[in-house]
Amino acid sequence: MTLVLEQLLNGLQFGVMLFLLAAGLTLIFGIMGVINLAHGSLYMIGAYAAAFAAAQTGSVFLAILAGLAAAAIVGMAMELFVLRRLYARDHLDQVLATFALILIFNQSVTLLFGRQPLFVSVPPALNGSIELLPGLTYPIYRLIIIAVGLLVALGLYLLINRTRIGMLVRAGATHREMVRALGVDIRLLYTAVFGLGALLAGLAGLMAGPILAVQVGMGEQILIMTFVVVVIGGVGSIRGAFFGALLVGLVDTVLRAFLPGLLRQVMTGSEADALGAGLASMGIYMLMAVVLLVRPKGLFPANV
């Protein structure tokens, strides 16, 4: 039971990381209609900027600030100089342009930091474990990630549903011409939305740094799962991104943790491990297929 609870917490932690990425991605696509394949690069930029600042200054606060600022600034620059010219273009043009940005960002990071991964230490104040239940200890840093993800989800809910900015964002998602006719600078709104999505991606990247190696191409590794979350939750839906991310995180973690062990009951160890790893990798895509069969537009469609 302790192992099950630990893996559920791992799944929850992975899920909130996916939510930070999926929230920005679904906002950008749902409101602006742009397919941004370079969203994972913003995750990578946030991780690298935070790792570099931490190595140079030794300050956790400055590392967080650097990661958030770098991702937000690069994201808004992307929208201003590249994506703004693609709103009226076909999605294929957007895919090609943002794929080119992935290559540019990867090569730029390689030139600046090299190809060797950067390893970031957990902040000393958060380095350790806490006993949640008798026999169940869990790293403090991972609990902080879960807490931050849940607070961001709450903040986004309040921003989208309880503020004037959120009202404009929701209106811009469905009636952009009407919003423009009312005197709202829709271009500024789009830049702000893109900056927010980039900042959330950077936040996910800087928090992932102490858990995963910070390396070139790390954004592409998680981007596919982020798209799966968006599809399962429903395009343009923050609520869908939240529940879709938690579902994907839990399913992926539980399958990878327990499926090989279950298969060892009926086959040899090496075969069970190989088959279990393959089936676990397929698990979230099978989940997506089932969700789309039942709800073709996702769990919570069309409502940001």
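## Helix H4

Helices (H or I, at least four residues) and strands (E, at least two) are DSSP runs, numbered from the N terminus. The model is predicted: local features need pLDDT of at least 70, side-chain atom pairs count only at pLDDT 80 or more, and totals for chains, interfaces and linings use all residues. Residues are numbered from 1 along each chain as its sequence is written, and side-chain values use heavy atoms, without hydrogens and water.

H4 covers residues 91–113, which is 23 residues. At 1.5 Å a residue, H4 should span 33 Å. The expected span is 1.5 Å times one less than the number of residues. The end C-alpha atoms of H4 are 32 Å apart, which agrees.

## Cap and cover

Asp90 caps the N-terminal end of H4. One of its side-chain oxygens lies 2.9 Å from the backbone nitrogen of Leu92.

## The hairpin

Strands S1 (residues 129–133) and S2 (residues 136–139) run antiparallel, joined by four bridges. Two strands pair if DSSP finds at least two bridges between them. Ser129 stands opposite Pro139 in S2. Two residues lie between the strands, and Gly135 in this hairpin takes a positive phi near 90 degrees.

Terms used. A polar contact is a pair of N or O atoms within 3.5 Å; within protein, one must be able to donate a hydrogen and the other to accept it, and residues adjacent in sequence count only if both atoms are side-chain atoms.
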